[in-house]
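Visitor: I have a model open and some questions about it. Can you take them as they come?

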Amino acid sequence: MTTASLQTHSHLDDLEAESIHIFREVQAAFQHPVMLYSIGKDSSVLLHLLRKAFYPARPLMPVLHVDTTWKFREMIAFRDQVAAAGDVEVLVHINEDGVRQGISPLTHGATVHTDVMKTVALKQALDQYGFDAAIGGARRDEEKSRAKERIFSFRNAQHRWDPRNQRPEFWHTYNTHIRKGESVRVFPLSNWTEMDVWLYIQRENIPVVPLYFAKPRPVVERDGALIMVDDERFVLREGESVQMREVRFRTLGCYPLTGAVESSADTLAKIIDEMANSRSSERQGRVIDQDPTASMERKKQEGYF
Amino acid sequence: MSVSTAPGLLRFITCGSVDDGKSSLLGRLLYDAGMLPDDQLAALARDSRRQHADASDVLDFSLLTDGLDAERQQGITIDVAYRYFHTARRSFIVADCPGHEQYTRNMATGASNAELAVVLVDARKGVLPQTRRHTYICGLLGIRQVVLAVNKMDLVDYDPVVYAAIAAQYRVLAQEMGIVEVHCLPVVALTGDNVGARSSRMPWYQGDSLLELLEKVEVTPFRAADFRMPVQWVNRPDHAFRGYAGTICGGRVSCGDEVIVQPGGQSAHIERIVSADGDLPSAADGQAVTLCLDREIDVSRGDVIADALRPAPVSDQFTCHLLWMGDATLLPNRTYWLKIGTRTVNARVMSIKYKVDVNSQAKLAARHLSLNEVGYCTLGLDDEIAFEAYASNRTLGGFILIDRQSNATVACGMLDFALGRSANVHWQHVDIDRTVRAASKGQHPLCLWFTGLSGAGKSTIANLVERRLHALGYHTYLLDGDNVRHGINKDLGFTPEDRVENIRRIAEVAHLMVDAGLIVLVSAISPYRSERQSARELFDKAEFMEVFVDTPLEECERRDVKGLYRKARAGTIRNFTGIDAPYERPEAPDIHLLSNGERAEQLAEQVTVELLARLDNSGSHE
């Protein structure tokens, strides 16, 4: 792979302008929009664009974090800092039914946990607040079914996506008409690549969760992935041991489902350099993506973001 | 070919027929550009083995881009897939487009944001009707450059004569369709010949490989010179600040420039160009900014801020190309929402001048357009808009039509030019207006619209209501659907297109009569929700009451006063509502008459009571 140096200034400017246009369109055309905030690097970029799009006004739409209760502690601390800044309203939703049932990725597996604590939880929150447009940070370069999705992606009243019958989408002229109870998911970062995201974070000096930077962390090797032991709920299996290794994360999610990569990249410049020479894709560290019975397309049809 | 020293991002699409090897070519391109990470390659090898048990070591690159389960099962591309890659020289966004005619709308989706198309043909088959169709759609959506990749050269023994014949034939047809520049090359997608690197098996081809070509090709930006910005959102955080947020879609603007707000026509100067990174001295095409003006004028979402010296043309009637994408056919004179830039306005197709056979490009007469058909049409809007010809500005010349019942995107359109007639037809001012006319009759005029199946009792009830009103001293007129078909609508039949026009005329006539001060009773089947909604929208809210005469089909058929149901069942008349043509029930009528055993007199009384209540509410009858 070639180096990132040729990613020009103007390319990032074009991406930024397109995203801001999408944010403004959502604000202007919908009654009750929300921005989904997952605390990861893409969400950091989204939050930055949200602020830029409506400047000098403060963002009018709230930000929603669907908390599975299994996020890295550093993520939650980062989220609380964002909320403390005070310019954006941060909502947090937890599926309390799931908590009562004791749903856990460690005992119920990735599929059940993700369904109950993320997909169902998200639908609960959207229904509870009556949001008619939900902005997310998904990018088309992440995964095959995402590569097919529109920027304004229609959902029926049951939050389902019909990939075989998407609304055609022309130029930047988006159809924002829906009936009561229906909604759209909107993806302002559709045309960004992972590299664009990091170059933009570097250019704009956007804060991200420290977990993206390499440092010695306690990890366990499990099913071929390096899982970080983030709290006392993590139970070692027979033969497993906790090791301190210099690792970082390319994506962030629930800590028992997120594999670390061995790396010494502890600055943005090193991360970008490492990625330019990488031979593996970003979502490799996601345990849920490798479960063959739970393709992204199917999860998305059911309402996953 | 023009070669640029520092080419920018290239957005292109790939299109070709089934089995031309389009997805394979794209997969191969990504592989050769070094863009396939190890875990994706491993997954590809696994999927290839599953799909092709007989050839275990071949990588099936089409599995990389056909991302939907249904696509992989059927082995076809249904929707556009976007892929992102770069080489040392350039970044690319490629939209892999479906080739099937039934997915033309998805191909057009991909083409709408592309600057170049890679069109594939199979060397054994040459130029096919599909090749013509893909090239035509590319030209229609404004793509001016095409790379023709003649694939599967291995299957014609790398014969330069076969290649040259296909290339020559294609150049001719591409030119007919408005493609300005064509680059041709021979490839074998499966083995990568002339894809990433030049092939040693076709020494007679001296040109660039596909990747080299894409790296070098220079695209003329599809951008207009004069400053234009559709207002997206009015930014008003407090009383001190008022800015107009939008994305500039043409030209450049600087502080101090005089601008005009269209279609209204008020002008002002640019005071500030605000961005989150600080105020800017000037801004250009493609930038998302917030403009502040030096004086307070009325500006809202949908307006266009333009160069005051060179403003955009303004009109409410146009000619345009329309690519129809609705499952239901386009009906001329039906009202749809038209969205252009950030403006949404009611629009009707007034006439279809011709439709274009997308495979042969022959111009054919047409009364309606079906899924994936292209027509050249005249368009009428409820309000004027600022626009540009699509050929000079995609944002202000490209529009979508949205169905008002289903909210589906049913068409994309490309504006050509404004029709002169609207500019020369003005509203004539008259001194005696509707208020005066209504007052002289001492009543509040309104329209009572009876809808329901044939034989439901609409005319009988309307007649009884009119007699009651007349006896009470009201000035009325009963417009009967059957009667107007003997006169003003004599030229119309019972096809869906004609029914739409029938109702439009009745509604306009009723509107004139209400304007004249009358209480108008309309009795017409009016089977479509969309046209009843359009009729309602002609009137003020308090001036229109929809009366649904809800008689079950079996009952209407049993009565069969005119003997029409018998003929419809026998097949001697066609397009009969309720039998072989649909009736769309009103969802929220103002008056709902359930005629189960009730006599017409009782139902008429119900209408009269509700009507008088409405008239009382809007002021007493003098």
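Visitor: Where is Glu271(B) placed?
Guide: Glu271(B) sits in strand S12 (residues 266-274) of chain B. Helices (H or I, at least four residues) and strands (E, at least two) are DSSP runs, numbered from the N terminus. This is a predicted model, in which local features need pLDDT of at least 70, side-chain atom pairs count only at pLDDT 80 or more, and totals for chains, interfaces and linings use all residues. Residues are numbered from 1 along each chain as its sequence is written, while chains are lettered from A and ligands numbered from 1 in the order in which they are written.

Visitor: What is Glu271(B) in contact with, leaving aside neighbours within four places in sequence?
Guide: On that count, Glu271(B) is in contact with Cys255(B), Cys292(B), Leu293(B) and Asp294(B). Contact is taken as C-beta atoms, placed from the backbone, within 7 Å. Arg295(B) is 24 residues from Glu271(B) in sequence, and their C-alpha atoms are 8.8 Å apart.

Visitor: Changing topic. Which strand holds Met545(B)?
Guide: Met545(B) is in strand S26 (residues 544-550) of chain B. With 20 C-beta neighbours inside 10 Å, Met545(B) counts as buried.

Visitor: And how many residues separate Met545(B) and Cys447(B) in sequence?
Guide: They are 98 residues apart in sequence, with a C-alpha to C-alpha distance of 6.3 Å. Not counting residues up to four places away in sequence, Met545(B) touches Leu446(B), Leu448(B), Trp449(B), Asp590(B), Ile591(B), Leu611(B) and Arg614(B).

Visitor: Where does UniProt place the "binding site" feature?
Guide: The unreviewed entry puts it at Gly452(B), Leu453(B), Ser454(B), Gly455(B), Ala456(B), Gly457(B), Lys458(B) and Ser459(B). UniProt positions are given in the numbering used here, feature names are shortened, and annotations may be inferred rather than shown by experiment.

Visitor: Take Leu453(B) from that list. Which loop is it in?
Guide: Leu453(B) is in the loop between strand S23 (446-451) and helix H12 (458-471) of chain B. Ala456(B) also lies in the loop between S23 and H12.

Visitor: Is Leu453(B) buried or exposed? What about Ala456(B), buried or exposed?
Guide: Leu453(B) is buried, with 24 C-beta neighbours inside 10 Å. Ala456(B) is buried, with 26.

Visitor: Which residues do they touch, beyond four places in sequence?
Guide: For Leu453(B), the contacts are Ile525(B), Thr551(B), Leu553(B), Cys556(B), Thr577(B), Gly578(B) and Tyr583(B). Ala456(B) touches Val549(B), Thr551(B) and Cys556(B).

Visitor: Over to helices. At what angle do H2(A) and H6(A) cross?
Guide: Helix H2 (residues 41-54) and helix H6 (residues 194-204) of chain A cross at roughly 50°, and their axes come within 10 Å. That makes H2(A) oblique to H6(A). Axes are lines fitted to C-alpha atoms, for helices over the stretch in contact, and angles run from 0 to 180 degrees between N-to-C directions. Angles under 35 degrees count as roughly parallel, over 145 as roughly antiparallel, 65 to 115 as roughly perpendicular and the rest as oblique.

Visitor: Which residues meet there?
Guide: Lys41(A), Asp42(A), Ser44(A), Val45(A) and His48(A) in H2(A) meet Val197(A), Tyr200(A), Ile201(A) and Glu204(A) in H6(A).

Visitor: And how do H6(A) and H7(A) run relative to each other?
Guide: H6(A) and helix H7 (residues 268-276) of chain A have axes that come within 10 Å and cross at roughly 165°. The two are therefore roughly antiparallel. On the H6(A) side the contact includes Trp198(A) and Leu199(A), and on the H7(A) side Ile271(A) and Ile272(A).

Visitor: Last one: why is H1(B) described as largely enclosed?
Guide: Helix H1 (residues 22-32) of chain B has 9 of its 11 residues buried, so it is largely enclosed by the rest of the structure. Among the buried ones are Leu25(B), Leu26(B) and Leu29(B). Just after H1(B), Gly34(B) has a positive phi of about 75°.

Key:
A residue is buried if 20 or more other C-beta atoms lie within 10 Å of its own, exposed if 12 or fewer, and partly exposed in between; C-beta atoms are placed from the backbone. Two residues are in contact if their C-beta atoms, placed from the backbone, lie within 7 Å.
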